[in-house]
Amino acid sequence: LGKSLTNTMKKLAGMTIIDEKTIKEVVKDIQRALIQSDVNINLVLKLSKRIEDRSLNEKPPKGITPREHVITIVYDEMVNLLGKEPHELEITDKPYKIMFLGLQGSGKTTTIGKVCRFLQKKGFSPAVVCTDTWRPAAYEQLKQLTEEMQIQLYGDPDNKDAVDLAKKGLKTFKSKKIIIFDTAGRHKEEKDLLNEMETLSEVINPNESMLVIDGTIGQQASEQAKAFSNATNVGSIIITKLDGSAKGGGALSAVAEIGAPIKFIGTGERLDDFEIFDPERFISRLLGMGDIKSLIEKAEEVVDEDLANETMNAMLSGKFTLKDMKNQFDMMNKMGPMKQLMNMIPGLGGNIPKEASQMTEDKINGYKIIMSSMSKYEMENPKAIKQSRVIRIAKGAGVRNEDVKELLKYYNNTKRAMKGMGKRNMGGGSMNRLM
Ligand code: GDP
Ligand code: MG
């Protein structure tokens, strides 16, 4: 988004009195700025209505001034549009078939390389099928990319029948866990391209269709999204080229248009220029909120406290997953070692679980790396992590199987100790005071 929205936010941050009139003025400014930044007009109206309503009606939480409150509402509404939590790529079926969609030049083929690298880091070895019969040297480009990563590729530069290529690719890789299909982004006419995608989609029957959108194209993003979404079932979006000055304002409209979540962003031409999409970071960047970031953080301390309480309660009730353990690690990084934390709890003094008190920072970081190779499902359902998953996770994290097992053992011991502790010592009250 452009400079003017940043200016609006700054102006708002500088205001001392917030009343109905100023809120309306601010909302007008925000509307103007959003429109200038390529956000679709209907979306702008919807957003600004919500911002105005909430600013007028909601009481600021304690410790937050009215103007800080309006800023957090603007931020909050935009984040809500994208979904607060990052959406993960979950490999649920076998084979898990991912079909890439997008216009030529949007970055499909490059992004397939990036997704392959991402999946390799999680311990998967995906296979790729080239069905792009339109771009000269489409197969060569994929061949180079996949050879570099030692990834299996099916394609045939002499075959000009995309549907036939897809069928043969499916057959070739039917025993693979993940198959990724690259497609054309150009045809004689756009209608033909969309027809081809519709047919391909019927033949491939993908578990997930990923639409790749160039982050620099502005308003056209929502039209593109709509066109592809009418022809196929778009399940997720990847925004590319968010390096340089592009802020991806159009992406917001694309998401609102078709309701599919953004899962990743591309931030450069290299394989590692690739990130899991983080809505909050994206919006901060979009709003140019560097200056007022601390303000948002202030408002979020309240939320942080909630998370801490939630994690503590999970710890003590025995409903303690790997996800809670990761939250616990993150808190430990912020607040200091577990031992210190536990010592602060009245009546707990000597009862610190051995495992918790012996954790070193290195160990925690090692465990965090292993957990980053786990899927959301595995983090929430540690019991599901049997041998085959252990092997995959270890491979992805670049550690030995035993290291993953050690982590799981630590987790199980902690869970048991926490549960016992909860029964023996705790009422919720002292924990709340601590937090
Ligand atoms: P396709 O036609 O959709 O398959 O697009 P390609 O993958 O061939 O990419 C088209 C161009 O965009 C290439 O020059 C890529 O290097 C470039 N590209 C792709 N993703 C990114 C990105 O995230 N940032 C930048 N700067 N360039 C990108
Ligand atoms: Mg391509």
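Trainee: What span should the 17 residues of α4 have at 1.5 Å a residue, and how far apart are its end C-alpha atoms?

Mentor: This is a predicted model, so read every value as computed from it. At 1.5 Å a residue, α4 should span 24 Å. Its end C-alpha atoms are 25 Å apart, which agrees.

Trainee: Which residues of α4 are buried?

Mentor: The buried set is Arg67, Glu68, Val70, Ile71, Thr72, Ile73, Val74, Tyr75, Glu77, Met78 and Leu82. Just after the helix, Gly83 takes a positive phi of about 85°.

Trainee: What comes between α4 and β1?

Mentor: A loop, and Pro95 has its place there. Check omega at that point. The peptide bond from Lys94 to Pro95 is cis, with omega near -5°.

Trainee: Let me step back. How many helices and strands does the protein chain have?

Mentor: The secondary structure comes to 20 helices and eight strands. The chain has 435 residues, and 39% of them count as buried. Now look at contacts with a separation of 6 or more. Residues 24 or more positions apart account for 75% of those.

Trainee: Which domains is the chain divided into?

Mentor: Domain 1 covers 3-82, domain 2 covers 96-285 and domain 3 covers 293-434.

Trainee: How should I read the interface of domain 1 and domain 2? How many residues are in contact?

Mentor: First, the general idea. The size of an interface is often given as the accessible area lost when the parts come together. Here we have residue counts instead. Ten residues of domain 1 are in contact with 14 residues of domain 2. Helix α4 (residues 66-82) gives the largest share of the domain 1 side, five residues. By class, that side of domain 1 has seven nonpolar, two polar and one charged residues. The C-alpha centres of the two domains lie 35 Å apart.

Trainee: Now a single residue. Is Val255 buried or exposed?

Mentor: Count neighbours. A residue is buried if 20 or more other C-beta atoms lie within 10 Å of its own. Val255 has 23, so it is buried.

Trainee: Where is Val255 found, and which residues is it in contact with?

Mentor: Val255 is found in helix α10 (residues 249-258). Leave aside its neighbours within four places in sequence. Val255 is then in contact with Leu81, Leu82, Ile237, Ala260 and Ile262. Take Ile237 as a case. Val255 and Ile237 are 18 residues apart in sequence, and their C-alpha atoms are 7.9 Å apart in space.

Trainee: Another helix, then. How do I read the faces of α6? Which of its residues are buried?

Mentor: The general idea comes from the helical repeat. An α-helix has 3.6 residues a turn, so residues three or four places apart point the same way. In α6 the buried residues are Ala138, Tyr139, Leu142, Leu145 and Thr146. Seen down the axis of α6, they fall within an arc of 135°, so they line one face of the helix. On the other side, Gln144, Glu147 and Glu148 are exposed.

Trainee: What do the buried residues of α6 pack against?

Mentor: One helix and some strands. The partners are α5 (108-121), β2 (127-130), β3 (153-154) and β4 (178-182).

Trainee: How far does α6 reach from its first C-alpha to its last?

Mentor: Helix α6 (residues 138-149) has twelve residues and reaches 17 Å. That is close to the 16 Å expected at 1.5 Å a residue.

Trainee: I also want to check phi around α6. What is phi of Ala137?

Mentor: Ala137 has a positive phi of about 65°, although it is not a glycine. It lies in the loop between β2 and α6. Ala137 has 11 C-beta neighbours inside 10 Å, so it counts as exposed.

Trainee: And Gln150? What is its phi, and where is it found?

Mentor: Phi of Gln150 is near 55°, again a positive value in a residue other than glycine. Gln150 is found in the loop between α6 and β3. With 9 C-beta neighbours inside 10 Å, Gln150 counts as exposed.

Trainee: Last, the ligand. Which residues come nearest to ligand 1?

Mentor: The shell has 17 residues, and Gly107, Lys108, Thr109, Thr110 and Gly266 come nearest. Helix α5 gives the largest share of the shell, three residues. By class, the shell has no nonpolar, twelve polar and five charged residues.

Conventions: Residues are numbered from 1 along each chain as its sequence is written. Chains are lettered from A and ligands numbered from 1 in the order in which they are written. This is a predicted model: local features need pLDDT of at least 70, side-chain atom pairs count only at pLDDT 80 or more; totals for chains, interfaces and linings use all residues. Helices (H or I, at least four residues) and strands (E, at least two) are DSSP runs, numbered from the N terminus. The expected span of a helix is 1.5 Å times one less than its number of residues. A residue is buried if 20 or more other C-beta atoms lie within 10 Å of its own, exposed if 12 or fewer, and partly exposed in between; C-beta atoms are placed from the backbone. The arc is that of the directions from the helix axis to the C-beta atoms. Two residues are in contact if their C-beta atoms, placed from the backbone, lie within 7 Å. Domain bounds come from an automatic or database domain assignment. Ala, Val, Leu, Ile, Met, Phe, Trp, Tyr, Cys and Pro count as nonpolar, Asp, Glu, Lys and Arg as charged, and the others, Gly among them, as polar. A residue is near a molecule or strand if its C-beta atom, placed from the backbone, lies within 6 Å of it.
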